[in-house]
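Trainee: I have the structure open and some time to go through it. Can we take it piece by piece?

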Amino acid sequence: MATNSDLSQEGMADGLNGPTVRLSNPNLTQEKEHFLYHLGLSTASTDFPKVFGDVKFVCVGGTPKRMAGVASHLARELSLPEDVTSVLTACGHKTERYSLFKVGPVLVASHGIGVPSLSVLLHELFKLLHLAGCSDVTFFRLGTCGGVGVEEGTVVISEGALNGELRPFYTWYSLGRAIARPVVVDQDLARDLHACAKEQDHFPTILGKTLCADDFYEGQARLDGALCTTSPAEKEEFLRQLWGLGVRNIEMESAGLLALCHAVGVKAAVACVCLVNRLEADCPQNNSQLLEEFQTRPVRLVTRYILTRLHSAV
């Protein structure tokens, strides 16, 4: 079982196989029990090193249904039992907010929509991984997005992310103050992920910057929300400005994931498939079956990368 000392400065040292998750909160050393409220996991009832100590990859995405599909796909590709949902049931994990699956060395979780929802999950996943003594962990966000001058079905791997002010920071508020963490992308990881796509070449995959918006409608210059202060001409001008900055897609989580993972010292990448070219439309124009196929593309890409990493480690 994890104890207070597991979250001491000594517990934050590098592991044998690479850096551990670096927590930066001295208050945690005062806790007798570490309870991950939204995941329903506690050190009082779960042996974190035994259950989670082998985790090397974490895949997160929006909805519970989609991430359950990711878990099943990974189980098949890794030749593991299909019933991945039973792994955490005995740990008392909750499903009101987030789904969580363990598939061999991979954790799979849903994060909801937007950075606020994502950040709650990441805080608890970072604590989980640290308490479990995991090392050399890589995070992936697998999602959907709107393309900026990019055709539908294209997977965009983020080589940078901008916030709503078009700056490379994730900004949040604490004690009435705005605080900004820099968005830092592991470019080697992004390029290696891109290389996996080029080897197979079943669908278009590009590197590009991502706009991380604070909401789905006004924050993404959509004209069909309940409120709108943007004209069609202003929308087009903004999207073309994004193109000029190297932005190739728009979603709502990339800046938070990349900034927070960098803050705790873990690698992270974002791979999202474009469901619509925002220079042409606000909403997807393709049929639902094709959209479903599009959503499998980031999953297949990241699975290929994970398998390559696992095989090279053997």
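Trainee: Is leucine 258 buried or exposed?
Mentor: Leucine 258 counts as buried, because its relative accessibility is 2% and the cut-off for buried is under 20%. Keep in mind that this is a predicted model.

Trainee: Where does leucine 258 sit?
Mentor: Leucine 258 is in helix 7.

Trainee: And what does leucine 258 touch?
Mentor: Leaving aside residues up to four places away in sequence, leucine 258 touches Ala161, Val183, Val184, Val185, Ala268, Ala269 and Val270.

Trainee: How far is leucine 258 from arginine 141?
Mentor: In sequence, leucine 258 and arginine 141 are 117 residues apart. In space, their C-alpha atoms are 9.4 Å apart.

Trainee: Back to helix 7. How many of its residues are buried?
Mentor: Helix 7 is mostly covered, with 9 of its 11 residues buried. Among them are Ser254, Ala255, Gly256 and Val264.

Trainee: What follows helix 7?
Mentor: Glycine 265 follows helix 7, and its phi is positive, near 80°.

Trainee: Which residues of helix 4 meet helix 7?
Mentor: From helix 4, the residues are Val115, Leu118, Ser119, Leu122 and Phe126. They meet Gly256, Leu257, Leu260, Cys261 and Val264 in helix 7. By class, the contact of helix 4 with helix 7 has 8 nonpolar residues, 2 polar and no charged.

Trainee: At what angle do the axes of helix 4 and helix 7 cross?
Mentor: The axes of helix 4, residues 115-132, and helix 7, residues 254-264, cross at roughly 25° and come within 10 Å. That makes helix 4 roughly parallel to helix 7, because angles under 35 degrees count as roughly parallel. The crossing of helix 4 with helix 7 is right-handed.

Trainee: Now another pair. How do helix 2 and helix 8 pack?
Mentor: Helix 2, residues 64-77, and helix 8, residues 288-313, pack at an angle of about 40°, and their axes are 11 Å apart. Helix 2 and helix 8 are therefore oblique to each other. Their crossing is right-handed.

Trainee: Which residues make that contact?
Mentor: Helix 2 contributes Arg66, Val70, His73, Leu74 and Glu77. Helix 8 contributes Gln295, Val299, Arg300, Thr303, Ile306 and Leu307. The contact of helix 2 with helix 8 divides into 5 nonpolar, 3 polar and 3 charged residues.

Trainee: Changing topic. How many aromatic pairs are there in the whole structure?
Mentor: A search finds 6 aromatic pairs. One of them is phenylalanine 35 with tyrosine 37, whose ring centres are 6.0 Å apart and whose planes are at 90°, so the pair is edge-to-face.

Trainee: Are those two residues buried, exposed or partly exposed?
Mentor: Phenylalanine 35 is partly exposed, with a relative accessible area of 43%. Tyrosine 37 is also partly exposed, with 48%.

Trainee: What about phenylalanine 126 and phenylalanine 139?
Mentor: Their ring centres are 5.5 Å apart and their planes are at 65°, so the pair is edge-to-face. Phenylalanine 126 lies in helix 4 and phenylalanine 139 in strand 6, residues 138-147, so the pair ties together parts 13 residues apart in sequence. Both phenylalanine 126 and phenylalanine 139 are buried.

Trainee: Staying with strand 6, is threonine 138 buried or exposed?
Mentor: Threonine 138, which lies in strand 6, has 0% relative accessibility and so counts as buried. Not counting residues up to four places away in sequence, threonine 138 touches Lys56, Phe57, Val58, Leu189, Lys267 and Arg309.

Trainee: What is the phi of aspartate 136?
Mentor: The phi of aspartate 136 is positive, about 55°, although this residue is not a glycine.

Trainee: Why point that out?
Mentor: Because most residues other than glycine have a negative phi.

Trainee: Where is aspartate 136?
Mentor: Aspartate 136 is in the loop between helix 4 and strand 6. At 25% relative accessibility, aspartate 136 counts as partly exposed.

Trainee: And alanine 221, what is its phi?
Mentor: Alanine 221 has a positive phi of about 60°, and it is not a glycine. Alanine 221 is placed in the loop between strand 10 (205-212) and helix 6 (232-244). With 6% relative accessibility, alanine 221 counts as buried.

Terms used: Residues are numbered from 1 along each chain as its sequence is written. This is a predicted model: local features need pLDDT of at least 70, side-chain atom pairs count only at pLDDT 80 or more; totals for chains, interfaces and linings use all residues. Side-chain values use heavy atoms; hydrogens and water are left out. Axes are lines fitted to C-alpha atoms, for helices over the stretch in contact, and angles run from 0 to 180 degrees between N-to-C directions. Helices (H or I, at least four residues) and strands (E, at least two) are DSSP runs, numbered from the N terminus. Angles under 35 degrees count as roughly parallel, over 145 as roughly antiparallel, 65 to 115 as roughly perpendicular and the rest as oblique. A crossing is left-handed if the near helix is turned anticlockwise from the far one by less than a right angle, and right-handed if clockwise. Contact means heavy atoms within 4.5 Å. Ala, Val, Leu, Ile, Met, Phe, Trp, Tyr, Cys and Pro count as nonpolar, Asp, Glu, Lys and Arg as charged, and the others, Gly among them, as polar. Buried means under 20% relative accessible area, exposed over 50%, partly exposed in between (1.4 Å probe, protein chains only). Rings of Phe, Tyr and Trp (its six-membered ring) pair if their centres lie within 6.5 Å; planes under 30 degrees apart count as stacked, over 60 as edge-to-face and the rest as tilted.
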